[in-house]
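Biologist: Please take me through this model one question at a time, and give the cut-offs behind each term when it comes up.

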Amino acid sequence: MIVADIAHAAVHLGPGTQRIRTRCLARRGMLHSECEAIEHVRLSPGACYELSGRTGTEAAWYVLRGPVALLDCPEQPQRTLDDGDLLLAPDGQDVHLHGGPLGAELLCLTVVPASVSSRLPARRPDLLSHN
């Protein structure tokens, strides 16, 4: 795992006062890691964050501070997520989030699906002594 400098967030500007701040807290650094990335996302009030799902990854979105509206997702149409809620986005699914009246803060864990991780090399310590 490569742990990134979290001091500076990328800021995406939207219409009016909409701002989306993203920070990559950690990114996969090894081929045989199931975890792709851990990201911190802050949405200003009313900001829309539209993410195209990437084939071969799944995402778990944890709401640190809400509310945030989940839009246009066929499995969970227009729904409000609050503090402590968890949204699971299956392999390649798009996610459309809309910050509530006070904005929102989320943590996203992106991983490879079981169909991929089951083919990765085993990770276990080498217990053989090397003399």
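Biologist: Is Val63 buried or exposed, and at what relative accessible area?

Modeller: This is a predicted model, in which local features need pLDDT of at least 70 and side-chain atom pairs count only at pLDDT 80 or more, while totals for chains, interfaces and linings use all residues. Residues are numbered from 1 along each chain as its sequence is written, and side-chain values use heavy atoms, with hydrogens and water left out. Val63 is found in strand β6, where strands (E, at least two residues) and helices (H or I, at least four) are DSSP runs numbered from the N terminus. Because buried means under 20% relative accessible area, exposed over 50% and partly exposed in between (1.4 Å probe, protein chains only), Val63 counts as buried, its relative accessible area being 1%.

Biologist: Which residues does Val63 touch, leaving out those up to four places away in sequence, and how far apart are the C-alpha atoms of Val63 and Leu81?

Modeller: With contact taken as heavy atoms within 4.5 Å, Val63 touches Val68, Leu81, Asp82, Asp83, Gly84, Asp85, Glu105 and Leu106, not counting residues up to four places away in sequence. Val63 and Leu81 are 18 residues apart in sequence, and their C-alpha to C-alpha separation is 7.2 Å.

Biologist: What is the relative accessibility of Val41, and how far is Val41 from Leu106, C-alpha to C-alpha?

Modeller: Val41 has its place in strand β4, and it counts as buried because its relative accessibility is 1%. Leaving aside neighbours within four places in sequence, its contacts include Ile20, Tyr49, Trp61 and Leu106. Val41 and Leu106 are 65 residues apart in sequence, yet in space the C-alpha to C-alpha distance is 5.1 Å.

Biologist: Which residues touch the most other members of the largest nonpolar core?

Modeller: A nonpolar core is a set of buried Ala, Val, Leu, Ile, Met, Phe, Trp, Tyr and Cys residues joined through side-chain atoms within 4.5 Å, and in soluble globular proteins nonpolar side chains tend to be buried together. Trp61 touches, among others beyond four places in sequence, Val41, Tyr49, Leu51, Leu86, Leu97 and Cys108. Of the 18 residues in the largest core, those touching the most other members are Leu43, Trp61, Val68, Leu97 and Leu106.

Biologist: How much space lies in the largest pocket, and which element gives the most to its lining?

Modeller: On a 1 Å grid over the protein atoms alone, a pocket is an open set of points where a 1.4 Å probe fits, with protein on both sides within 12 Å along at least five of seven lines, and lining residues have an atom within 4 Å of a point. About 360 Å³ of space lies in the largest pocket, and of the 22 residues that line it, the closest to its centre are Glu39, Leu51, Ser52, Arg54 and Thr110. The elements giving two or more residues to this lining are β4 (35-43), β5 (48-51), β6 (58-65) and β11 (104-111). The most comes, with four residues, from β4.

Biologist: Is Thr110 buried or exposed?

Modeller: Thr110 is found in strand β11, and its contacts beyond four places in sequence include Glu34, Ala37, Glu39 and Ala59. Because its relative accessibility is 12%, Thr110 counts as buried.

Biologist: Where does Pro67 lie, and what is the omega of the peptide bond from Gly66 to Pro67?

Modeller: Most peptide bonds are trans. Pro67 lies in the loop between β6 and β7. The peptide bond from Gly66 to Pro67 is cis, with omega near 10°.

Biologist: What share of the residues of the protein chain count as buried?

Modeller: Among contacts between residues at least 6 apart in sequence, 65% join residues at least 24 apart. Of the 131 residues of the protein chain, the share that count as buried is 33%.

Conventions. Points joined across faces, edges and corners; volume = space filled by probe spheres on them.
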